Amino acid sequence: MSDVSLPVDLRSDTLTKPTPAMRRAMSSALVGDDMYQEDPTVRALEEEAAALLGFEAGLFCVSGTMANEIAIAVWTRPGQEVLVEERGHPVDYELAGMAALSGVMPRLVPSHRGVMQPADVQAAIRRSPDHIAHSGLIIVENTHNMWGGTVIPAAQSAELVAVARQNHLPIHLDGARLWNAAEATGVGVEILAAGYSSVMVSLSKGLGAPVGSILTGSRPFIREARRIRKRFGGGWRQAGILAAAARVALQETPPLLGLDHSRARELAAAAAAAGFRIDPMQVETNIVMVGTDPGRGKHLHAALKTKGILCLLTAPDEVRMVTYRDLDENDIQRACQAINSCGRA
Ligand SMILES: *Cc1c(COP(=O)(O)O)cnc(C)c1O
């Protein structure tokens, strides 16, 4: 039962807390030193996650950012360009990591609400003449966070993979919310991950594990990724404590994601009814981007806060709300009422 004296926190699906089953698994986890690859729980998690995604091997990383940056470091050489969607996580929220850590530049690709068109990706690929930087990697984000959790369906995903293959370029999938995409499209994560050179999935977002992401790929890719992880300071020891919770998350949470999605549509419907710029039909997963009049985002953000609803200001005219497992029906009703009372009418 939710406590009405506490705010309803819609800032992110990273706010999930470990479930009782996760805490039990943590307390009894077998552990060892993962730098020697002797933590049985980490190894089990890596193997299970890789198998679910259809890859040979996996690497448990402290965060999605670290896993993305490791992938960039493995696939590119300094001086190359990385093709990434304009509002993609690696360009907006990784602190210029690709430049600082790998010596590469992003080349921004436009999209239709987060879904890049194959022709636009093809047009952005550069490999001649010799006086320009060459493309080294393509990154795809599914679901797309800043475009409101939009899904890249399997057919479009396969087209992007085909462009990479035709151009002999590696293609990395930022699948922080790949299970949300699978829930929304009704196809398995292994279908949405098919053909990519490497895939990152977050365990600490909607899946609800306290910490961690998985990077998957071929055995040689993961061997190199493990070395880079150490260089980035991410080699860890008895991480089985965390992997134990993540293994439970992989079992427990995917069947529950549909509820997050229907609650996101409820929030979107409330926002649309209150006169904000949003099409509830476009809310496919657990992220709701509410558009305001120019410059009014901070006013909506502040007004909701005074009513006990926390959200994220993502642009001068946009706030983001995210649903996740720890919310209940009462929280959603409180949020809808608050949105309604902040309406523009
Ligand atoms: C959250 C997120 C990441 C990074 O994950 P962290 O664990 O927060 O570093 C990467 N990509 C996308 C699309 C995300 O939403």
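Modeller: A residue is near a molecule if one of its heavy atoms lies within 4 Å of it. Heads-up: this is a predicted model, with local features needing pLDDT of at least 70 and side-chain atom pairs pLDDT 80 or more, while totals for chains, interfaces and linings use all residues. Numbering runs from 1 along each chain as its sequence is written, and side-chain values use heavy atoms, with hydrogens and water left out.

Colleague: Which helix gives the largest share of the shell around the ligand?

Modeller: The shell includes Ser63, Gly64, Thr65, Asn68 and His89. Helices are DSSP runs of at least four residues (H or I), numbered from the N terminus. Three shell residues, the largest share, come from residues 64-75, which is helix H3.

Colleague: What percentage of the ligand's 380 Å² does the protein bury?

Modeller: Start with the polar contacts (N or O pairs within 3.5 Å). A ligand nitrogen is 2.6 Å from a side-chain N or O atom of Asp174, and ligand oxygens sit 3.0 Å from one in Asn145 and 2.9 Å from a polar side-chain atom of Arg177. Alone, the ligand exposes 380 Å² (Shrake-Rupley, 1.4 Å probe). The protein buries 87%.

Colleague: Is Thr323 buried or exposed?

Modeller: Thr323 is in the loop between strand E12 (318-322) and helix H14 (329-341). Buried means under 20% relative accessible area, exposed over 50%, and partly exposed in between (1.4 Å probe, protein chains only). At 1%, Thr323 is therefore buried.

Colleague: Which residue's backbone oxygen does the Thr323 side chain reach?

Modeller: Beyond four places in sequence, the contacts of Thr323 (heavy atoms within 4.5 Å) include Asp13, His261 and Ile332. The backbone oxygen that its side chain reaches, at 2.7 Å, belongs to Asp260.

Conventions. Polar contact = N/O pair within 3.5 Å; in protein donor to acceptor, adjacent residues only side chain to side chain. Helix = DSSP H or I, 4+ residues; strand = E, 2+ residues; numbered from the N terminus.
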